[in-house]
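Have a look at the model first, and then we'll go from ring to ring.

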Amino acid sequence: MDYKILVLDIDGTLYNSEKRITSATKAAIYKAREQGNIIAIASGRPLPGIQDVSRKLELAEKGGYIMAYNGGRILNVQTNEYISEITLPPEYIPRIAALAEKYGVAVVGHAPEVLVTEQPDDEIINLEARLNKMQVVEIPSLADYRETSLYKCIITGDGDKLAELEKIAAKEFEGELSVYRSEPYFLEILPLGIDKARGIDVLAAHLGMTKDEVIACGDGFNDLSMVKHAGLGVAMANAQKVVKESADYVTDSCDDDGLVPVIEKFLLK
């Protein structure tokens, strides 16, 4: 297959365990783009949390796309054009807040520029803020929050507890919202159908291509949909077991420049 689009997760894929893009990985990505391939970053992160990656890969100068919020916001970085932008319907916010309160877990909402929560001191929420370079804003009630649209909500907590709560939330919002864990301690709730697989379809259609022309590389739970959906689904050696089991190709780990052999084998002419 003549692959033309390379879609990359960030943490554990593009980034190594030190949160760095190695020079070898960057060089391979640059070479792929120079040969006419499209580069897209797909992440559960908001746009502020992807800007550093965008700058390091020179997406604004040399072209590329960002699929933020697992594909909920898709941006042509060079033209600053939004291809797709979908937010949570406001009527679901009280139900999400009630679910978190019932099971004694923290919840945070992603507004356009800040994180809003009733639990501003929650350790995992503050980790999310630091990772994405966003401010945490305390609000009296998430259920009553109407100041801005929210792109997603994240319930945080112990991994074992969230594994059970994921099943409960999936049943609660079945047919209404998308529910899945991006990390063991992050349970994400997004508009229905928003995942990286859909993001691939939207981007490919915008470019006049199909999913079969896409290589998708990832490691986490929220990468599973795109790894299964893309023309070539690639799992890093450090990926979650289910991602590796579902991949067409398993490459080296993010600490061993695992993207380099993928680019050399499937994209470079």
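At 22% relative accessibility, Phe266 counts as partly exposed. Keep in mind that this is a predicted model. Phe266 is a handy place to start, so what does its ring pair with? Its partner is Tyr3: the two ring centres are 6.3 Å apart and the planes meet at 80°, so this pair is edge-to-face. Tyr3 has a relative accessibility of 11%, which is under the 20% cut-off, so Tyr3 counts as buried.

Now see where these two sit along the chain. Tyr3 belongs to the segment before strand S1 (5–8), while Phe266 is in helix H10 (residues 259–266), so their pairing ties together parts that are 263 residues apart in sequence.

Searching the whole structure turns up five aromatic pairs. One of them is another edge-to-face pair, made by Tyr92 and Phe173, with 6.5 Å from centre to centre and 80° between the planes. Tyr92 comes from the loop between strand S5 (81–85) and helix H4 (93–102), and Phe173 from the loop between helix H6 (159–172) and strand S10 (177–183), so this pair ties together parts that are 81 residues apart in sequence. Are these two buried or exposed? Both Tyr92 and Phe173 are buried.

The charged end of Arg33 sits over the ring of Tyr30, 4.9 Å from the ring's centre. Over the face of Phe221 you'll find Arg181, at 5.2 Å from the ring centre.

Notes
Residues numbered from 1 in each chain as written. Predicted model: local features only at pLDDT ≥ 70, side-chain atom pairs only at ≥ 80, totals over all residues. Heavy atoms only, no water. Phe/Tyr/Trp six-rings, centres within 6.5 Å; stacked < 30°, edge-to-face > 60°. Helix = DSSP H or I, 4+ residues; strand = E, 2+ residues; numbered from the N terminus. Buried < 20%, exposed > 50% of the residue type's maximum accessible area, 1.4 Å probe, protein only. Lys NZ or Arg CZ within 6 Å of the ring centre and 35° of its normal.
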